[in-house]
Amino acid sequence: MKMKTVELSRRQFLKGAGALVVSFNLFPPSRGVFAAQFTTLPSGDIDPQSLDSWLAISPDGSVTFYTSKVEIGTGTITALAQIMAEELDVPFDRVKMVYGDTSQTIEQGSTVGSRSIERAGPQLRQAAAAARQELLKLAATRLGAPVERLAVQNGVISVTGDATKKVSYGELIGGKRFNAKITATGSGNDLKVAPEVKAKNPKDYKIVGQPIKRMELPGKLTGEHIYAHDVRVPGMLHGRVVRPPVVNTEPLSIDPDSIRHIPSVMMIVREGKFVGVVAETEWAAIKAARALKVTWSQPTTKMPANSDELFAYLKNTKPTRTLKPVDKGNLAEAFTKAKKSYQASYRWPFQMHGMIGPSCSVADVKGDQATVWSGPQGPFRTRATVAAILKIPEKNVRVIYHEASGSYGRMSTDDCAEDAALLSRAVGAPVRVQWSRRDEHGWEPKGPAQLDEVKAAIGDDGKLVAWDFVDYGQPWTASGSTPLLASLQVGIAPNNPGGSNGTQSAGEIYAVPNQKIVAEHINWHFPEPIPLRTSNLRAPGDPARCFASECFIDEIAADLRVDPVEFRQRHLAENKRGSECLKAAADKAQWEKRPSPQPPSSGNIAKGRGVAVTQRANAYAAAVAEIEMNKSTGKVVVKRIVCSHDCGLIVNPDGVSNQIEGNVIQGVSRALFEEVTFDANGVTSLDWKSYPILKFTDVPEIEIVLINRPEMPALGAGEPSIIPVPAAIANAIFDATGARLREAPFTPQRVLAAMKAVGQKS
Amino acid sequence: MARISLKVNGQARVVDTDPETPLLYVLRNDLQLNGPKFGCDLAQCGACTVIVDGKAIRSCVTPVTAVQKGAITTLEGLGSTKNMHRLQQAFVDEQAIQCGYCINGMIMSAKALLDANPRPTDSQIKEALAGNLCRCGTHVRILRAVKRASGQKV
């Protein structure tokens with residue numbers, strides 16, 4: 001549909017609109033103080049085979065590293081800087097990181113899935129190792145000594161045995177290009193950089209493994225750190241989008257008179273089903289978006305009207321795809337011959353990412369070129385989606401990363417950058433779009449609901465002989481480069497059925513001779529966009545599957561009157577790291593060996609403990625939860641969580657601990673409080689009252705056991721430890737009361753219902 | 001539009017704005033003070049907290065005209081990276097941040113608390129911050145940082 005715009009007034013807005021706070025050279029990118037210039041490929045991308053693309057050394061010896069991985073609040077950039085400083089042998093405080101600018105960095109894949117340390121770490125380490133090798137060659141010539149006789153310390157190369165012969169990195173190459181080629185094959189996360197260069201032995205690490213303080217943190221404490229929300233560019237206007245109230249409706253009419261009285265409003269923009277307003281001031285844009293009278297069409301389809309309808313939809317809709325990560329033995333035969341069989345089903349609701357700062361982006365579209373300032377987890381994805389919606393080449397789009405609010409997968413879907421691009425193109429000036437709280441709660445793509453059905457059987461030896469796990473879940477249809485919200489509204493059709501919500505944490509950690517794990521992908525069959533869009537939410541799918549598998553294991557252990565840790569360990573003999581991780585948590589928690597539930601308590605407050613363990617992407621986490629609950633109100637209080645964690649080599653122990661604490665708290669929040677509510681028209685959890693999250697008064701004590709494995713590659717810590725938390729809490733509730741929670745979150749109402757189901761008086 | 005005089009971080013400032021404008025937007029857009037953050041416009045999350053006459057308030061729901069007579073303090077009024085306030089320094093020492101979007105509210109709420117109650121108990125700190133949401137789960141460190149800033153053992 002052709003763009004239609006309605007102009008309300010046009011002032012000389014480009015003159016003197018707001019003071020300049022940050023300004024950027026739009027095109028072409030420059031390397032500031034460095035003489036070096038990037039080598040760009042025909043696609044507009046930086047050449048990964050040029051060593052100068054990865055780092056630059058200034059005359060004072062300080063080093064700037066370039067990466068497309070971004071800081072999303074998890075400490076990734078500090079950890080990557082440690083890895084590179086270590087490999088290059090420069091002091092950590094001489095390192096600067098430039099990240100997430102598509103015109104200055106190499107595409108190394110999005111910052112998702114706890115894979116940045118695991119994947120980008122080796123890429124950057126090898127680039128640094130290659131640079132160190134080049135520097136040694138230069139020094140050999142300069143100092144007249146063979147490379148074998150040279151040693152490096154703190155960015156200074158010296159001749160072994162002759163301390164007078166030395167030269168610093170800055171003296172060797174400061175401000176100049178390396179002009180050296182390195183090998184780089186593959187792309188994104190799979191990019192292999194200089195694999196032939198020998199890197200340091202981890203036992204010689206001095207910077208990796210240290211609890212170094214986060215680089216960007218001081219500015220965050222004083223208002224000096226520029227978040228995406230804080231970006232202002234000259235001549236910038238303020239936009240707001242007016243979202244439809246229900247599924248895939250379109251504006252039938254727009255009444256400009258409804259906002260004509262608001263001073264400084266400049267334009268109403270309509271393109272297809274997309275409607276927005278632009279004003280000189282932010283407050284005017286807010287008022288206009290609230291007041292604009294739009295008559296929307298009636299939706300042709302209604303969504304499921306409540307959670308029962310939703311779970312029926314998951315169970316009864318034909319899957320678009322079936323994944324079978326585990327399929328071994330003969331389940332039918334095993335169930336027939338088994339001593340005893342069990343089955344249960346578990347429900348997990350839609351949950352939000354819940355960014356404290358709603359989406360915000362600035363775009364400046366000039367002809368067929370665009371600059372976008374935004375906080376995506378994948379800046380190159382934003383480049384692609386903005387190029388697609390503007391119908392311009394990707395190389396004409398520059399995305400400059402500024403951190404958003406902690407996003408946990410939300411910013412894999414950079415909807416707001418598209419909104420800003422459409423409005424900027426319409427008005428012919430840079431436009432900043434800030435989503436409202438209602439927009440964010442209502443239209444953020446959400447972590448999808450899951451229905452998990454599990455069957456298992458026990459043999460004569462009291463061990464599992466059969467395990468049959470089916471996860472009915474929804475693929476992510478709003479993630480990565482699939483059309484985003486505004487794209488769908490302007491008529492760009494979905495181009496794929498969505499990404500997988502994962503298959504792990506479904507009991508595969510246990511050795512069971514006959515075992516099948518299936519993930520059914522159930523797509524929405526409604527016209528896009530719908531308010532319950534789906535995307536990756538921290539440890540996608542895993543907390544729900546772990547809730548089902550680890551509670552089910554607990555149910556069986558309880559039926560057999562076996563201690564829950566002991567029962568798990570029976571099946572972990574072949575999984576040394578899993579077994580050790582579980583033991584570490586149990587030991588730290590001073591786990592008392594006995595079956596659950598414990599004998600009924602006489603008072604109104606019941607106490608319980610529960611455990612859960614998981615393996616994800618080769619990392620392990622186990623949690624022991626201790627809870628207190630009020631038997632008459634059903635309110636559960638988590639008193640303490642002990643979490644053990646094995647993510648291979650630890651790059652920054654304090655950073656890992658910070659991640660684990662955050663995972664535990666978010667896990668408690670999702671287990672106890674979080675459920676997106678909706679009706680047939682859309683989401684009804686539109687603020688923090690209707691979608692509560694954990695508050696300070698709900699915070700448990702947290703104890704952490706870090707298991708370091710220096711002989712292993714470093715793995716991510718952003719996700720594994722959230723996974724076992726809800727299951728451990730549910731198992732603790734069972735331990736306290738004998739009541740089994742099979743649906744999250746564990747609200748007082750659900751707890752009371754579960755107690756009633758087992759005949760406990762409240 | 002109206003000319004409105006304010007006292008922000010000890011300085012007299014004059015802005016020309018719609019008198020209905022919430023203080024948050026005046027601070028951020030007219031005065032370029034990025035410390036206070038937009039979170040909800042509903043006084044539900046605390047990201048926008050500033051201190052007016054010693055009291056922590058939600059600037060997202062406070063019309064700018066309501067604070068013309070008050071002394072407004074924002075995060076920038078506490079200190080800078082070169083000269084940090086003890087609360088800010090305590091947050092560095094405890095590494096009490098993940099994304100940091102909520103941190104303005106945490107520090108400003110804590111500042112108002114410590115000014116009124118220099119040695120709060122753990123539960124008093126929790127109560128004082130209960131209206132400030134943090135999605136990253138940095139709560140334990142934030143509690144330690146506030147306690148450290150109050151000179152108590154952590």
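## A parallel strand pair

T64(A) stands opposite K96(A), a residue of strand β4 of chain A. The model is predicted. Strand β3 (residues 63-67) of chain A pairs with β4(A) in the parallel sense, over five bridges.

Strand β4 covers residues 95-99 of chain A, and its side chains alternate. V95(A), M97(A) and Y99(A) point to one face and are buried.

## The five-strand sheet

Strands of a sheet pair through backbone hydrogen bonds, either parallel or antiparallel. In chain A, five strands form an open sheet with mixed pairing. Their order is β15-β23-β22-β21-β16. The edge strands are β15 (321-328) and β16 (340-348) of chain A, and each pairs on one side only. From one strand to the next, the twist averages 10°.

Within this sheet, strand β21 (residues 450-458) of chain A runs antiparallel to strand β22 (residues 464-473) of chain A. Nine bridges join the two. At one position in this pairing, Q450(A) stands opposite G473(A) of β22(A).

## Helices across the sheet

Helix α6 (residues 307-316) of chain A lies across β16, β21 and β22 of chain A. Its direction is at about 60° to β21(A).

Helix α12 (residues 542-559) of chain A also lies across β16, β21 and β22 of chain A. Helix α12(A) runs at about 30° to β21(A). The loop between β23 (514-521) and α12 of chain A holds P529(A). The peptide bond from E528(A) to P529(A) is cis, with omega near -5°.

## The α8-α9 contact

Two packed helices are described by the angle between their axes and the distance between the axes. For helix α8 (residues 379-390) and helix α9 (residues 415-427) of chain A, the axes come within 9 Å and cross at roughly 40°. The crossing of α8(A) past α9(A) is right-handed. From α8(A), the contact takes in T382(A), T385(A), V386(A), I389(A) and L390(A). They meet A417(A), E418(A), A421(A), L422(A) and R425(A) in α9(A). By class, the residues of this contact are six nonpolar, two polar and two charged.

Helix α9(A) is mostly covered, with 13 of its 13 residues buried. At 1.5 Å a residue, its 13 residues should span 18 Å; the end C-alpha atoms of α9(A) are 19 Å apart, which agrees. After α9(A) comes G428(A), whose phi is positive, near 75°.

## L390 of chain A

L390(A) belongs to helix α8 of chain A. L390(A) counts as buried because it has 20 C-beta neighbours inside 10 Å. Leaving aside residues up to four places away in sequence, L390(A) touches V365(A), A370(A), A421(A) and R425(A).

P48(A) lies 342 residues from L390(A) along the chain. The C-alpha atoms of L390(A) and P48(A) are separated by 27 Å.

## The side of chain A that touches chain B

In the contact between the chains, 51 residues of chain A meet 47 residues of chain B. On the chain A side, the elements that give two or more residues are α4 (217-220), α5 (282-291) and α15 (653-672). Helix α15(A) gives the most, with eight residues. This side of chain A divides into 18 nonpolar, 20 polar and 13 charged residues.

## Backbone notes in loops

Another cis peptide bond runs from A744(A) to P745(A), with omega near -5°. P745(A) sits in the loop between α16 (724-737) and α17 (748-757) of chain A.

Positive phi values also occur at alanines. A617(A) has a positive phi of about 50° although it is not a glycine. A617(A) is in the loop between β24 (605-616) and β25 (619-630) of chain A. With 17 other C-beta atoms within 10 Å, A617(A) is partly exposed. In chain B, A43(B) has a positive phi of about 55°, and it is not a glycine. The loop between α1 (23-30) and β3 (49-52) of chain B contains A43(B). A43(B) counts as partly exposed, with 17 C-beta neighbours inside 10 Å.

Conventions. Residues numbered from 1 in each chain as written. Chains lettered and ligands numbered in written order. Predicted model: local features only at pLDDT ≥ 70, side-chain atom pairs only at ≥ 80, totals over all residues. Pairing = 2+ DSSP bridges. Helix = DSSP H or I, 4+ residues; strand = E, 2+ residues; numbered from the N terminus. Axes fitted to C-alpha atoms, helices over the stretch in contact; angles between N-to-C directions. Contact = placed C-beta atoms within 7 Å. Left-handed = near helix turned anticlockwise from the far one by under 90°. Nonpolar A, V, L, I, M, F, W, Y, C, P; charged D, E, K, R; others polar. Expected span 1.5 Å × (residues − 1). Buried ≥ 20, exposed ≤ 12 C-beta atoms within 10 Å, placed from the backbone.
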